[in-house]
Amino acid sequence: MVMEKKEANKAQVSQDEKKKQKIYIGPTMRGMVSGTVLTNGFPPAFLEASKGCPALMELVVPVSRLPQANRELAVFDSALSRFYRIAMEYKKGV
């Protein structure tokens, strides 16, 4: 009985961790590679870059939303696509 509760708690913690995970879907930048899964905050270099280009933070989405976000990136006029283009311009200028 106790063992079953421990297993159930582990499963719940795993689900909670997945909900907290975010993924960066923008262009590779100093301090962040596209596709990086974030569980404990942001790398300092990325935080510094996001001060100069706030659009970078918009390209961090919950892992559970990744399929939808990828579809949005493919649509030229979507907000995520615009943020991606802004991030690319910023990357070129840095």
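I take helices as DSSP runs of H or I with at least four residues, and strands as runs of E with at least two. On that basis I read the chain along its sequence as α-β-β-α-α-β-α-α. I count five helices and three strands. The model I am working from is predicted.

**Sheet.** I looked up the strand order next. The three strands form an open sheet in the order S2-S1-S3, with antiparallel pairing. Strand S2 (37-38) and S3 are the edge strands, and each pairs on one side only. I then checked S1 against S3: three bridges join these antiparallel strands. In this pairing I find Ile23 opposite Val61 in S3.

**Core.** Which residues touch the most other members of the largest nonpolar core? I find Tyr24, Ile25, Phe46, Leu56 and Leu59, out of 17 residues in that core. I also noted which elements give two or more residues to this core: strand S1 (22-24), helix H2 (44-52), helix H3 (55-58), strand S3 (60-62) and H5. I followed Leu56 further. Leaving out residues up to four places away in sequence, Leu56 touches Tyr24, Met29, Phe46, Ala49, Ser50 and Ala87.

**H4 and H5.** I looked up how helix H4 (residues 66-73) packs on H5, and found an angle of about 70° with the axes 7 Å apart. Angles of 65 to 115 degrees count as roughly perpendicular, and H4 and H5 are therefore roughly perpendicular to each other. From H4, the residues in this contact are Ala69, Glu72 and Leu73; from H5, they are Leu80, Ser81 and Tyr84. Sorted by class, I have four nonpolar residues, one polar and one charged in the contact of H4 with H5.

**Arg85.** I located Arg85 in helix H5 (residues 79-93). Is Arg85 buried, exposed or partly exposed? Its relative accessible area is 30%. Buried means under 20% and exposed over 50%, so Arg85 is partly exposed. I also checked Arg85 against Ala55: the two are 30 residues apart in sequence, and their C-alpha atoms are 9.2 Å apart in space.

**Whole chain.** The chain has 94 residues, of which 23% count as buried. Among contacts in the chain with a separation of 6 or more, I note that 46% are between residues 24 or more positions apart.

Note on methods
Residues numbered from 1 in each chain as written. Predicted model: local features only at pLDDT ≥ 70, side-chain atom pairs only at ≥ 80, totals over all residues. Heavy atoms only, no water. Buried < 20%, exposed > 50% of the residue type's maximum accessible area, 1.4 Å probe, protein only. Axes fitted to C-alpha atoms, helices over the stretch in contact; angles between N-to-C directions. Parallel < 35°, antiparallel > 145°, perpendicular 65-115°, else oblique. Contact = heavy atoms within 4.5 Å. Nonpolar A, V, L, I, M, F, W, Y, C, P; charged D, E, K, R; others polar. Core = buried A, V, L, I, M, F, W, Y, C linked by side-chain atoms within 4.5 Å. Pairing = 2+ DSSP bridges.
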